[in-house]
Amino acid sequence: MLSIQEKIKTALKAHNAILVAHYYVDAKLQTLAEETGGIVSDSLEMARFSQNSDADIIIVAGVKFMGETAKILSPEKTVLILDDKATCSLDEDCPIDAFSKFCDEHSNRTVVVYANTSAQVKAKADWVVTSGSALNVVKYLKDKGKKILWAPDKNLGNYVKNKTGVDMLLWQGACLVHERFKAKALIQLQNIYPEAATLVHPESPQEVVDLADVIGSTTTLINAVKNRKEQTFIVATDNGIFHKMHEVAPNKKLIEAPTMGESADCESCAHCQWMAMNTLDNCLDAIQNKTHEIIIDQSIVIQAKKSIHKLLNFTL
């Protein structure tokens with residue numbers, strides 16, 4: 001009898017489909033994506049990879065906004081997600097009607113939104129950025145004398161604001177995973193492992209970011225584990241990333257940053273409930289039955305693509 005992985009591989013080939021997976025989804029899906037010619041990456045690179053693929057169908061193992069970003073860059077392709085209930089607190093915290101009103105009230109500002117937003121919010125923006133590109137884009141806009149309206153992540157926005165000194169008005173969204181990291185408990189964990197380097201995603205609260213040896217995107221944190229000399233790392237981001245970190249540095253020790261209060265040293269606390277909805281079973285179902293297709297109004301696609309292409313052209 002074929003394993004479910006073999007069934008998925010067969011179905012991908014039969015339907016000329018490709019699987020792209022985020023660093024935070026189940027390790028088996030990450031492995032499967034790479035074994036079948038797909039990619040494991042952040043949301044924008046997943047979408048860009050899909051755009052450059054010859055596949056007719058894009059299977060996105062992640063959350064809804066990631067599927068939307070892939071559809072925006074590949075409107076002619078069929079884009080499927082594994083569960084249409086898999087969303088993101090940052091996306092949910094920034095509904096388009098309230099955000100449009102906020103933008104209209106501050107029309108003198110350049111609108112910069114994080115990739116973790118809906119297609120409608122991206123269409124309202126002047127720029128879309130990632131955690132890895134936000135600093136450089138905002139510095140560029142500051143040099144042009146721009147004032148910024150930023151959404152949705154208040155922690156990433158505050159980090160960028162502090163680093164650049166730019167006039168930034170922040171939408172007050174937050175990632176439910178990164179918001180849980182606790183500075184006091186992290187300090188205690190650092191005292192237990194004084195030899196460890198602390199890696200922090202900038203969606204975390206400022207007091208946690210202040211304790212980091214490395215601050216950056218998922219890719220930046222993975223590269224830090226691979227390239228830094230330390231053998232132990234305390235990691236403040238979704239624990240789904242540990243699969244790729246172990247892959248690039250199998251002999252190094254990884255410890256989750258605390259999310260559950262003083263002295264917490266948990267092994268499975270920092271994981272997105274929506275990323276956990278991605279399974280091998282619903283991956284196979286998506287390919288075979290074309291479930292949970294991403295459909296976006298063409299006018300939204302056109303406008304959102306403009307804001308994404310600004311970033312893509314900026315980072316070339």
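Visitor: Why does V137 count as buried?

Guide: Buried means under 20% relative accessible area, exposed means over 50%, and partly exposed lies in between (1.4 Å probe, protein chains only). V137 has 0% relative accessibility, so V137 counts as buried. Bear in mind that this is a predicted model: local features need pLDDT of at least 70, side-chain atom pairs count only at pLDDT 80 or more, and totals for chains, interfaces and linings use all residues. Residues are numbered from 1 along each chain as its sequence is written, and side-chain values use heavy atoms, without hydrogens and water.

Visitor: Where does V137 lie, and what is it in contact with beyond its neighbours within four places in sequence?

Guide: V137 lies in helix α8. Helices (H or I, at least four residues) and strands (E, at least two) are DSSP runs, numbered from the N terminus. Contact means heavy atoms within 4.5 Å. With neighbours within four places left aside, V137 touches W127, V129, L311 and F314. P194 is another matter: 57 residues along the chain from V137, with 35 Å between the C-alpha atoms.

Visitor: F314 also belongs to a ring pair with Y140. What makes that pair tilted?

Guide: Rings of Phe, Tyr and Trp (its six-membered ring) pair if their centres lie within 6.5 Å. Planes under 30 degrees apart are stacked, over 60 edge-to-face, and the rest tilted. The centres of Y140 and F314 are 5.2 Å apart and the planes stand at 55°, so the pair is tilted. Y140 sits in helix α8 (residues 134-143) and F314 in helix α15 (residues 298-314), so the pair ties together parts 174 residues apart in sequence.

Visitor: Are Y140 and F314 buried, partly exposed or exposed?

Guide: Y140 has a relative accessible area of 34%, so Y140 is partly exposed. F314 has 30%, so F314 is partly exposed too.

Visitor: How many aromatic pairs does a search of the whole structure find?

Guide: Five. One of them joins F99 and W171.

Visitor: What makes the pair of F99 and W171 edge-to-face?

Guide: The centres are 5.7 Å apart, and the planes make 80°. That angle is over 60 degrees, so the pair is edge-to-face. F99 is in helix α6 (residues 96-105), and W171 is in the loop between β8 (168-170) and α10 (183-192), 72 residues apart. Ring pairs link F99, F102 and W171 into a cluster.

Visitor: How do you know that F99 and W171 are buried?

Guide: F99 has a relative accessible area of 0%, so F99 is buried. W171 has 14%, which is under the cut-off, so W171 is buried as well.

Visitor: What about V111: why is V111 called buried?

Guide: The relative accessible area of V111 is 6%, so V111 is buried. V111 lies in strand β5 (residues 110-114). Among the residues in contact with V111 are F99, C103 and L149. V111 and W171 are 60 residues apart in sequence and 11 Å apart in space, C-alpha to C-alpha.

Visitor: What makes α4 roughly perpendicular to α15?

Guide: The axes of helix α4 (residues 64-73) and α15 cross at roughly 90° and come within 9 Å. That angle falls in the range for roughly perpendicular, so α4 is described that way relative to α15. T69, I72 and L73 in α4 meet residues of α15 including V301, A304 and I308.

Visitor: Which peptide bond is cis?

Guide: The bond joining A151 and P152, with omega about -5°. P152 lies in the loop between β7 (148-151) and α9 (154-164).

Visitor: Last one: why is K290 called partly exposed?

Guide: K290 has a relative accessible area of 41%, so K290 is partly exposed. K290 is in the loop between α14 (280-289) and α15. Its phi is near 50°, a positive value in a residue other than glycine. H292 is also in the loop between α14 and α15, with a positive phi of about 55°.

Definitions and conventions. Axes are lines fitted to C-alpha atoms, for helices over the stretch in contact, and angles run from 0 to 180 degrees between N-to-C directions. Angles under 35 degrees count as roughly parallel, over 145 as roughly antiparallel, 65 to 115 as roughly perpendicular and the rest as oblique.
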